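Here is a short briefing to read alongside the model. Please have your viewer open as you go through the points.

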Amino acid sequence: MSAATTDYLAAIEHMPSGAVLRVDDVPWEEYEQLLADLGEGRAVRIFYDRGRMEIMAPASVHERPKSVMHTLITALRDELDIDIESLGSTTLRAEMKAKGAEPDDCFYIQNAALVIGKTDLNLEHDPPPDLVIEIDRTSASLNKFPIYAGLGVTEIWRVAKGQIRMFLLTGESYEEHDTSGAFSFLSAQIVSEYLARGIAEGERKVAIAFRSWVREHKSGG
């Protein structure tokens, strides 16, 4: 364990909920060593973009929207009867592009068949997730979109103040759209409404209601 990663681990141990630690000029090897030292199931999320590293301690206020969003995607999977594979907040990284990210949640939809059964995802030769969920954190300073664009993630749903905004990769950057690229019948407004219902009424009830809505509207996609 290097002296640098020892310092990071000591700092992480004392980070309060919701805190963000930003470090510049971090070599790729140092970033990878920190991931290895922290191991699987780490509480913090780490982003890396060409030497800039940001370490984020989770805030409990973000866990509820994340859980409801996962429930909604699962309901879509079941109602549409398609494979959708969730990799949660797994580490996405590509050394050749010097970029790494740990989304709140991520899903393989169009490329689900290519990752089923895989235990060691490597974006140097595996496809990136088709959809990333990001819960907005106002304290974060590192722009995550260029990282996801560099990794090739085609769609991002950003949750901010209870509202969903959908972004699709166009060229090397993201453009905001009213509807999803993966589910063309699904708008940001509808997902926002069901997110609010899930938080207010609970995940079981919102899953039933959302599946009913999808059943009625999916022919439009």
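Predicted model: local features only at pLDDT ≥ 70, side-chain atom pairs only at ≥ 80, totals over all residues.

Let's start with a strand pairing: Y48 stands opposite M53 in β3.

**Strand β3 and its partners**

- Strand β2 (residues 45-49) pairs with β3 in the antiparallel sense, over five bridges.
- Two residues lie between the strands in the hairpin of β2 and β3, and R50 there takes a positive phi near 50°.
- Strand β1 (residues 20-23) also pairs with β3 in the antiparallel sense, over four bridges.
- In β3, the residue that R22 stands opposite is E54.
- Strand β3 (residues 52-56) has four of its five residues buried, so the rest of the structure largely encloses it.

**The largest nonpolar core**

- This core has 29 residues, and M69, W157, L186 and F210 are those with the most contacts inside it.
- At least two of its residues come from each of α3 (63-80), β8 (131-135), β9 (155-160), β10 (163-170), α6 (188-201) and α7 (203-217).
- Helix α3 gives the largest share of this core, with six residues.
- If you select F210, you will find that it touches L72, A75, L76, L186, I190 and Y194, leaving aside residues up to four places away in sequence.

**Another core**

**A general point to keep in mind**

- In soluble globular proteins, nonpolar side chains tend to be buried together.

Methods: Residues numbered from 1 in each chain as written. Heavy atoms only, no water. Buried < 20%, exposed > 50% of the residue type's maximum accessible area, 1.4 Å probe, protein only. Pairing = 2+ DSSP bridges. Core = buried A, V, L, I, M, F, W, Y, C linked by side-chain atoms within 4.5 Å. Contact = heavy atoms within 4.5 Å.
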